[in-house]
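Trainee: I am new to this structure, and I would like to learn how to read it. Could you walk me through it?

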Amino acid sequence: MRSSLRERIPGLSGLWARLARRSELRFWRRAVADGRLEGLSREEIFTTHVGLDRAFYAAKRVLDIGCGPRRELDWAEMAAERVGLDPLAHRYLELLESGR
């Protein structure tokens, strides 16, 4: 059986993770600088895209993993609980506080 590239090259997973984090932060830095942080909603992703309507979320707990620095779940006010979880949350706070 052939081994995966990650198995053959030690440290590759860590390298990919670091590159992904850098890329994600670069994207959000540009979004903040361009003023693109407000006004967009991901409601459609949680509803139309997956074939559900807003009523489905009534009194439910909603978890958005990898939510980024925006308030992506504001649209789900009917939910019992809304939680956005992102491994870069501390970096997003720094980004938003610095305004760049």
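This is a predicted model: local features need pLDDT of at least 70, side-chain atom pairs count only at pLDDT 80 or more; totals for chains, interfaces and linings use all residues.

Trainee: Which pattern does the chain follow along the sequence?

Mentor: Helices (H or I, at least four residues) and strands (E, at least two) are DSSP runs, numbered from the N terminus. Here there are 4 helices and 2 strands, in the order α-α-α-β-β-α.

Trainee: Is Glu72 buried or exposed?

Mentor: Buried means under 20% relative accessible area, exposed over 50%, and partly exposed in between (1.4 Å probe, protein chains only). Glu72 has 5% relative accessibility, so it counts as buried. Glu72 sits in the loop between strand E1 (61–65) and strand E2 (81–85).

Trainee: What is Glu72 in contact with, leaving aside neighbours within four places in sequence?

Mentor: Contact means heavy atoms within 4.5 Å. With those neighbours set aside, Glu72 touches Arg42, Asp64 and Cys67.

Trainee: How does Leu63 count, at 48% relative accessibility?

Mentor: Leu63, in strand E1, counts as partly exposed because its relative accessibility is 48%.

Trainee: And how much of the chain is buried?

Mentor: Buried residues are 24% of the 100 residues in the chain.

Notes:
Residues are numbered from 1 along each chain as its sequence is written. Side-chain values use heavy atoms; hydrogens and water are left out.
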